[in-house]
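Work through these exercises with the structure open beside you. Try each task before reading its solution.

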Amino acid sequence: MESTAVKLNSTLQPAVSQYLTFTLGSEEYGVDILRVQEIRGWQTVTRVPNTPKFLLGVLNLRGTIVPIIDMRMRFSLDKVEYTSITVIVVLSVISDHGTHVFGVVVDSVSDVLDVKKDDVRPTPEMGCTVNTEFINGLATVGDQLVTLLDIDKLLTHMDLTAVVAVQGAAA
């Protein structure tokens, strides 16, 4: 009888997901905390020729070659100098190519947020020329609006093919 009560109580609670939040300029973004493998301070990367501009290069993290993507460049934001609070968030991505690890350079890491499923608003329609496929939705936390990213869709098929090629070439 007790197990039935536990099941009933757990189904009544709203679903909550945790997101690691980071900033790019004055904007706040969040990624599923379960996809975050590591947070590292900024360090210089090894540049790989003939790659997209947003792909800064690669790092060797304990024997794994990790492509590093500048999120400001990926989102067409102004470039800024990296500082002592600039970080690389190492993420695990699942695609048609399999599971891959890549790092994203962000201005700073903010917090880990608990977001109720009911508090996530759908991405507004931006018109057919703006790709918002990689946005899971928008959540309001206090007075801040957080854009929740779907890292599996963050890179287009062409972008991901370039990242996979860089991993293979650098290995």
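**Exercise 1. How many cavities of 30 Å³ or more does the count come to?**

Some ground rules come before the solution. This is a predicted model, in which local features need pLDDT of at least 70, side-chain atom pairs count only at pLDDT 80 or more, and totals for chains, interfaces and linings use all residues. Residues are numbered from 1 along each chain as its sequence is written, and side-chain values use heavy atoms, with hydrogens and water left out.

Step 1. Set the rule: on a 1 Å grid over the protein atoms alone, a cavity is a set of points where a 1.4 Å probe fits but cannot get out.
Step 2. Apply the rule: the count comes to 1 cavity of 30 Å³ or more.
Step 3. Take the volume, the space filled by probe spheres set on the points. The largest cavity holds about 40 Å³.

**Exercise 2. Find which residues line the largest cavity, and sort them.**

Step 1. Lining residues have an atom within 4 Å of a point. They are L24, D70, R72, V80, Y82, T86, V105, V106 and D107.
Step 2. The lining divides into 5 nonpolar, 1 polar and 3 charged residues. Here Ala, Val, Leu, Ile, Met, Phe, Trp, Tyr, Cys and Pro count as nonpolar, Asp, Glu, Lys and Arg as charged, and the others, Gly among them, as polar.

**Exercise 3. Follow D107 and R72 out of that lining list and describe their pairing.**

Step 1. Their side chains meet in a salt bridge at 2.9 Å, N to O (a side-chain nitrogen of Lys or Arg within 4 Å of a carboxyl oxygen of Asp or Glu).
Step 2. D107 lies in the loop between strand 7 (98–106) and strand 8 (108–116), and R72 lies in helix 2 (residues 71–74), so the pair ties together parts 35 residues apart in sequence. Helices (H or I, at least four residues) and strands (E, at least two) are DSSP runs.
Step 3. Both D107 and R72 are buried (under 20% relative accessible area, with exposed over 50% and partly exposed in between, using a 1.4 Å probe and protein chains only).

Methods:
1 Å grid on protein atoms, 1.4 Å probe; cavity = no way out; pocket = protein on both sides within 12 Å on 5 of 7 lines; lining within 4 Å.
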